[in-house]
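Have the viewer open and a pencil ready.

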Amino acid sequence: YDVTAQKVEPGVYKLDASLREHQFDSSSITNMYFKALVLVAVVVATLARPDSPPTYNAPTAGYGAPSPVAPAQYDFNWAVQDDLSGNDFGHQES
């Protein structure tokens with residue numbers, strides 16, 4: 001449509017609308033589809049963006065295992081005794 005407005009008196013306008021013939025070729029239709037595709041891509045990218053960045057908090061205490069009250073008690077030893085080679089050694093801790 002081709003719309004024109006004529007001022008009749010202050011605050012009053014006369015509108016005239018006439019149908020104008022439009023011809024579309026394949027390149028203008030392709031251009032229109034491309035613009036629509038870009039618009040849709042921008043809208044989707046905007047909606048997919050998170051509202052706020054994720055927050056990372058300090059880890060909480062695990063399952064509530066009791067802390068040790070005294071040092072660990074252990075007894076450890078090992079030994080090698082080989083008569084053929086003459087090796088006879090070992091180690092012991094407690």
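Predicted model: local features only at pLDDT ≥ 70, side-chain atom pairs only at ≥ 80, totals over all residues.

**Exercise 1.** Work out which pattern of helix and strands the protein chain follows along the sequence.

*Solution.* Start by counting elements: the protein chain has 1 helix and 4 strands. Then read them along the sequence, which gives β-β-α-β-β. Finally, check for burial: of its 94 residues, 0% count as buried.

**Exercise 2.** Find which residues make the nonpolar surface patch, and which strand gives the most to it.

*Solution.* First pick out the members: Y74, F76, W78, V80 and F89 together form a patch of about 500 Å². Next look at strand β3, residues 76-82, which gives the most, with 3 residues. Then place F89, which sits in strand β4, residues 87-93.

**Exercise 3.** Classify the pairing of the rings of W78 and F89, and say why.

*Solution.* Begin with the count, which comes to 1 aromatic pair. The ring centres of W78 and F89 are 6.0 Å apart and the planes stand at 85°, so the pair is edge-to-face; the cut-off for that class is over 60 degrees. Next, locate the partners: because W78 lies in strand β3 and F89 in strand β4, the pair ties together parts 11 residues apart in sequence. Last, ask how accessible each partner is. W78 is partly exposed, at 41% relative accessible area, and F89 is partly exposed too, at 43%.

Key. Residues numbered from 1 in each chain as written. Heavy atoms only, no water. Patch = residues over 30% accessible without salt bridge, like charges linked within 9 Å, V, L, I, M, F, W, Y side chains within 5 Å. Areas by Shrake-Rupley, 256 points an atom, 1.4 Å probe, with all protein chains shown as cover. Salt bridge = Lys/Arg side-chain N within 4 Å of Asp/Glu carboxyl O. Helix = DSSP H or I, 4+ residues; strand = E, 2+ residues; numbered from the N terminus. Phe/Tyr/Trp six-rings, centres within 6.5 Å; stacked < 30°, edge-to-face > 60°. Buried < 20%, exposed > 50% of the residue type's maximum accessible area, 1.4 Å probe, protein only.
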